[in-house]
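User: I have a new structure open and would like a short walk through it. Can we start with the charged side chains?

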Amino acid sequence: MADQQVPSAHPEAAHPEAARSEAARPGTVPAEAAHPTTAHRTTTVENGRFTAAHCTCGWRGPARRARSKARTDATEHEASP
């Protein structure tokens, strides 16, 4: 009886492609792509008399008349997690 194979509880583990990681499987998104750990990149954008901070993550600060306040908004956003 010792030389009989017991069926695996995970049948996909016996498949040769099962050794590939989840990230390599078609149709799956790697965890790194779903939650990027890159730093925020902010810029200020002027529109008429107003300036607003924008970030690559999609965040946009309020329109400010003072450029310095928009830059402060951007700096505070970059510091936040």
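**Charged pairs and a helix**

Analyst: Lys 69 is partly exposed, with a relative accessible area of 35%; partly exposed is the range between buried (under 20% relative accessible area) and exposed (over 50%), using a 1.4 Å probe and protein chains only. This is a predicted model, where local features need pLDDT of at least 70, side-chain atom pairs count only at pLDDT 80 or more, and totals for chains, interfaces and linings use all residues. Residues are numbered from 1 along each chain as its sequence is written, and side-chain values use heavy atoms, with hydrogens and water left out.

User: Which residue forms a salt bridge with Lys 69?

Analyst: Asp 73 does, with the closest N and O atoms 3.9 Å apart. A salt bridge here is a side-chain nitrogen of Lys or Arg within 4 Å of a carboxyl oxygen of Asp or Glu. Both residues lie in helix α2, 4 residues apart, about one turn of the helix. Salt bridges that share partners join Arg 64, Lys 69 and Asp 73 into one network.

User: How far apart are the closest N and O atoms of Asp 73 and Arg 64?

Analyst: They are 2.9 Å apart. Arg 64 is partly exposed at 27%, while Asp 73 is buried at 7%.

User: How many salt bridges does the structure hold?

Analyst: It holds 3. One of them pairs the side chains of Glu 46 and Arg 67 (2.6 Å, N to O). Glu 46 is in strand β1 and Arg 67 in helix α2, so this pair ties together parts 21 residues apart in sequence. Helices (H or I, at least four residues) and strands (E, at least two) are DSSP runs, numbered from the N terminus.

User: New topic: which residues of α2 are buried?

Analyst: Ala 70, Asp 73, Ala 74 and His 77 are. They cover an arc of only 95° around the axis, so they sit on the same side of α2; the arc is taken from the directions from the helix axis to the C-beta atoms. Thr 75 and Ala 79, on the other side, are exposed.

User: What covers the buried ones?

Analyst: The cover includes β1 and β2 (50-55).

User: And Thr 42, buried or exposed?

Analyst: Thr 42 is buried, at 19% relative accessible area. It is found in strand β1 (residues 42-47). Leaving aside neighbours within four places in sequence, Thr 42 is in contact (heavy atoms within 4.5 Å) with residues including Ala 74 and His 77.
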